[in-house]
Amino acid sequence: MIVIAGPTASGKSGVALELAQRLGGRIINADSMQVYRDVPTLTARPSPAEEKTAEHRLYGFLEPEENCSAFKWVQLAAREIEAARTDGRIPIVVGGTGFYLQTLIKGISPVPPADETVRRQVRREFEEMGHERFLADFQKKDPSFSFTDPQRILRAAEVLTQTGKSVTYWQSLPFKKEIEADFLCFLTQLPREELYRRCDERFEKMMCGSAVEEVRLLLAKNPPADSLVLKALGVFEIKAFLSAEMTRDQAIDHACRMTRNYAKRQMTWFKHRFAPDYIINDAKSPDILTKALHFLE
């Protein structure tokens, strides 16, 4: 299969679309925010017109109250990949969520998924106790756990509650792969200033489009406080704009800054943890198709 990775606004989706059209491919999403239904503009999902020109899978299928872990995503992606193969299509996996891609290519620790009852119980305790108290209590139960990020704490607490064993035990076990395949990995890479300019322009365009209304409708659903979709770039700022806590210009400025910071973190992650077969500096380069054709021979 073909994998196209890269930071936000670097042109990944355009490359995937071009290859899908030329190769008879099926595009499979590997972006942790584009899985959500409510914010297509804000998460830069492919447009309806683009989706008509090539088959797209795993886009916009989750509600705000549903969370998507790497484990859940890779199981869904593996099914879509097998379905593409069965249908005679080339799977083209594209996205900027590096951990999703790493899980697909290298595998993942066999940490059991959380039972929904356990998940609700742990989150209720977290809300009642607050972050600091919950963390202190949990570290007494599991001294081997050293992270302080709320999402990691909650996940570790779910695992301990459900299995009686620390998440560090499960993570020490050999990785499990959901699918075996040969991978051709592309990485879209732009000069930093060009990438930042594209980040800024894209968000400003979103604000002139449907992004504000998308967030308004999303918030009307009253999603849970730990909903991952609330972490989508721009949701915080547009929420502040809608409640008059920020002006429109302040919201744009802050969201653009956060997007640039996120792109920088993605670039760092891919530099150290992703091994591309080919780096794409120019999305229109004919070498991209040539590399793909040679790989598929």
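Predicted model: local features only at pLDDT ≥ 70, side-chain atom pairs only at ≥ 80, totals over all residues.

A: Let us begin with a definition: a salt bridge is a side-chain nitrogen of Lys or Arg within 4 Å of a carboxyl oxygen of Asp or Glu. In this structure, the side chains of D226 and R119 meet in such a salt bridge, at 3.8 Å from N to O. D226 lies in the loop between α10 (211-220) and α11 (235-242) and R119 in helix α5, so the pair ties together parts that are 107 residues apart in sequence. Helices (H or I, at least four residues) and strands (E, at least two) are DSSP runs, numbered from the N terminus.

Q: Are D226 and R119 buried or exposed?

A: Buried means under 20% relative accessible area, exposed means over 50%, and partly exposed lies in between, with a 1.4 Å probe and protein chains only. D226 and R119 are both buried; for R119 the relative accessible area is 14%.

Q: Why does a separation of three residues matter in a helix?

A: An α-helix has 3.6 residues a turn, so residues three or four places apart point the same way. A further case is the salt bridge between the side chains of E194 and R197, at 2.7 Å from N to O. These two residues are 3 apart in helix α9 (residues 192-208), separated by about one helical turn. E194 is partly exposed, with a relative accessible area of 27%, and R197 is partly exposed at 37%.

Q: How many salt bridges does the structure hold, and which residues are linked in a network?

A: The structure holds 23 salt bridges. A network of them links E116, R119, R120, R123, R155, E158 and D226.

Q: How is the crossing of two helices described?

A: Axes are lines fitted to C-alpha atoms, for helices over the stretch in contact, and angles run from 0 to 180 degrees between N-to-C directions. Angles under 35 degrees count as roughly parallel, over 145 as roughly antiparallel, 65 to 115 as roughly perpendicular and the rest as oblique. The axes of α5 and α7 come within 9 Å and cross at roughly 130 degrees; α5 and α7 are therefore oblique to each other. A crossing is left-handed if the near helix is turned anticlockwise from the far one by less than a right angle, and right-handed if clockwise. The crossing of α5 past α7 is right-handed.

Q: Which residues of α5 and α7 meet?

A: Contact means heavy atoms within 4.5 Å. From α5, residues V118, R119, Q121, V122, R123 and F126 meet P150, Q151, L154, A157, E158, T161 and Q162 of α7. The residues of this contact comprise 6 nonpolar, 4 polar and 3 charged. In this scheme Ala, Val, Leu, Ile, Met, Phe, Trp, Tyr, Cys and Pro count as nonpolar, Asp, Glu, Lys and Arg as charged, and the others, Gly among them, as polar.

Q: How does α6 cross α7?

A: The axes of helix α6 (residues 131-141) and helix α7 (residues 150-163) come within 11 Å, crossing at roughly 40 degrees. That makes α6 oblique to α7, and their crossing is left-handed. In this contact, H131, F134, L135, F138 and K141 of α6 meet P150, I153, A156, A157 and L160 of α7. By class there are 8 nonpolar, 1 polar and 1 charged residues.

Q: Which residues of α11 are buried, and against what do they pack?

A: The buried residues of α11 are V235, E237, I238 and A240. They pack against α9, α10 and α12 (248-273). After α11 comes A244, with a positive phi near 65 degrees.

Definitions and conventions
Residues numbered from 1 in each chain as written. Heavy atoms only, no water.
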